[in-house]
Amino acid sequence: MSALCPGVDECSLAIYLSGFQQAITGVGTVLMLPLIGSLSDVYGRKALLTLPMTISIIPLVILAYSRTRNFFYAYYVTKTLTAVISEGSVLCLSLAYVADNVSERSRASAFGLVSGAFYAGFVGGTFAARFLSTSQTFQVAAIVSMIAVIYMRIFLKDDCTIRRNTSDSLKHPILTTEEEETTSSDSELLSSSKEVEVFKKIPSPNDLVCLLKTSKTISLAAVVAFFNSLAEGGLQASALYFFKARFHFTKNQYADVMLIMGIAGTISQMIFMPLLAPVVGEEKLLSVALFGGFLCMLMNGIAWSIWVPYVVAAFGIFTSFASPCLRSIVSKQVGPNEQGIAQGCISGISSFANIISPFIFSPLTDLFLSKRAPFYFPGFSIMCSGFATMVAFIPSLFIWAVPPSSKKVSCEDCEA
């Protein structure tokens, strides 16, 4: 808004540009995340993590150099293109890495700790943005992103690559039948082209549909992921613009709200998730988080005073359970060689919701924050996001824990 509409509290151009970027990013990640997850099942998490973490530095460097209108548009285009690969892939691959190295019994807690680390990083970044100038904020962000890539390349031990890097690792792609594997092996003996082998790892739409059909739990989890992401996308498209128009929020006030939200999420994931998940179960925690999310969006939608967003942000201690619980549930439904594509599939579904979300919520936000609104309700778009969360809450009630002794159905069985 500073680059496009300086000095005003309402900016339709900024709202629509944000929505367009969110939609384009969603289209790209729907296609890329299942592919990245599938390739990581074969070539290792570390190799696939390098690409998104590296290219995500570029947009930050642009804004670190200048934040004039022309540089903003350069950032906007670069961010849109790089987000196609980097958006969601770091979390997706991180969770797949954890699933490779943690037993099912401890997986929910481990996923919570990973999410807690993300929240802790969010708190640190927001805390820095609270006290740094705008120019310094992007400079520090670019430097820290570079450090993250270097740290990952040096210290992350790629156990899954060591485990899978055998002579026949590229001859047994996941999500294929025994007959297809035999045919694939014969054809690979006739060709030494690694490019051909790479393309054999690309999951087809049938593979993804097959994965969703492997169990009722995965199908329900996919529905929950879609509507929860639709709601989060709606909140992303409207909340900050609503706070700006309704309460004249400044950068520091945004940072304060985000700090409270991040601290609540960190405490939730680092402390409560490991304690509650083994006792209560991630299925019940998922339902609690979704219902809490509905209440929070309801309160934000009807916010009557500037302190309401701060109080609602503190309830992130409950709402942040949703993502790690959902990921843990899905992780337990597939085999060890399908963790990457399973997490990528859920991320892809979430991204698909992010494609739809801006087309719904960006116009709603613009309409109800303007004088053209059919009735006075500035937070109407946030209220609609809350209803989407409630839709996600209903199927979450029917997700049941899988008995440890039960046999998981793989996509190979589905294809057979």
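How many aromatic pairs does the count come to? In this predicted model, the count comes to 23 aromatic pairs.

## Aromatic pairs

One of these pairs joins tryptophan 304 and tryptophan 307 in an edge-to-face arrangement, with 5.7 Å from centre to centre and 90° between the planes. Tryptophan 304 has 46% relative accessibility and counts as partly exposed. Tryptophan 307, at 45% relative accessibility, also counts as partly exposed.

Phenylalanine 377 and phenylalanine 380 form another edge-to-face pair; their centres are 5.8 Å apart and their planes are at 70°. An angle over 60 degrees is what places a pair in the edge-to-face class. Phenylalanine 377 has a relative accessible area of 22% and is partly exposed. For phenylalanine 380 the relative accessibility is 23%, again partly exposed.

## Ring cluster and a charge over a ring

Ring pairs also build a cluster, whose members are Phe242, Phe243, Phe247, Phe249, Tyr254 and Tyr310. Two residues of this cluster, Phe242 and Phe243, are listed among the residues that touch the most other members of the largest nonpolar core.

A ring also takes part in a contact with a charge: the charged end of arginine 130 sits over the ring of phenylalanine 131, at 5.2 Å from the ring centre.

## The largest nonpolar core

The largest nonpolar core has 65 residues. Those touching the most other members are Leu4, Phe72, Val224, Phe242, Phe243, Leu286 and Leu290. Helix α12, residues 216-247, gives the most to this core, with 16 residues. The core lies between domain 1 (11-87 + 132-162) and domain 2 (103-131 + 204-400), because both give residues to it.

Leucine 286 touches Val224, Ala322, Cys325, Leu326, Ile329, Ser396 and Ile399, when residues up to four places away in sequence are not counted. In soluble globular proteins, nonpolar side chains tend to be buried together.

## Serine 357

Serine 357 is placed in helix α18, which covers residues 339-368. With a relative accessible area of 0%, serine 357 is buried, since the cut-off for that class is under 20%.

A polar atom of the serine 357 side chain lies 3.5 Å from the backbone oxygen of glycine 233. Leaving aside neighbours within four places in sequence, serine 357 is in contact with Gln22, Leu230, Gly233, Gly234 and Ser362.

Technical notes. Residues numbered from 1 in each chain as written. Predicted model: local features only at pLDDT ≥ 70, side-chain atom pairs only at ≥ 80, totals over all residues. Heavy atoms only, no water. Phe/Tyr/Trp six-rings, centres within 6.5 Å; stacked < 30°, edge-to-face > 60°. Buried < 20%, exposed > 50% of the residue type's maximum accessible area, 1.4 Å probe, protein only. Lys NZ or Arg CZ within 6 Å of the ring centre and 35° of its normal. Helix = DSSP H or I, 4+ residues; strand = E, 2+ residues; numbered from the N terminus. Polar contact = N/O pair within 3.5 Å; in protein donor to acceptor, adjacent residues only side chain to side chain. Contact = heavy atoms within 4.5 Å. Core = buried A, V, L, I, M, F, W, Y, C linked by side-chain atoms within 4.5 Å. Domains from an automatic or database assignment.
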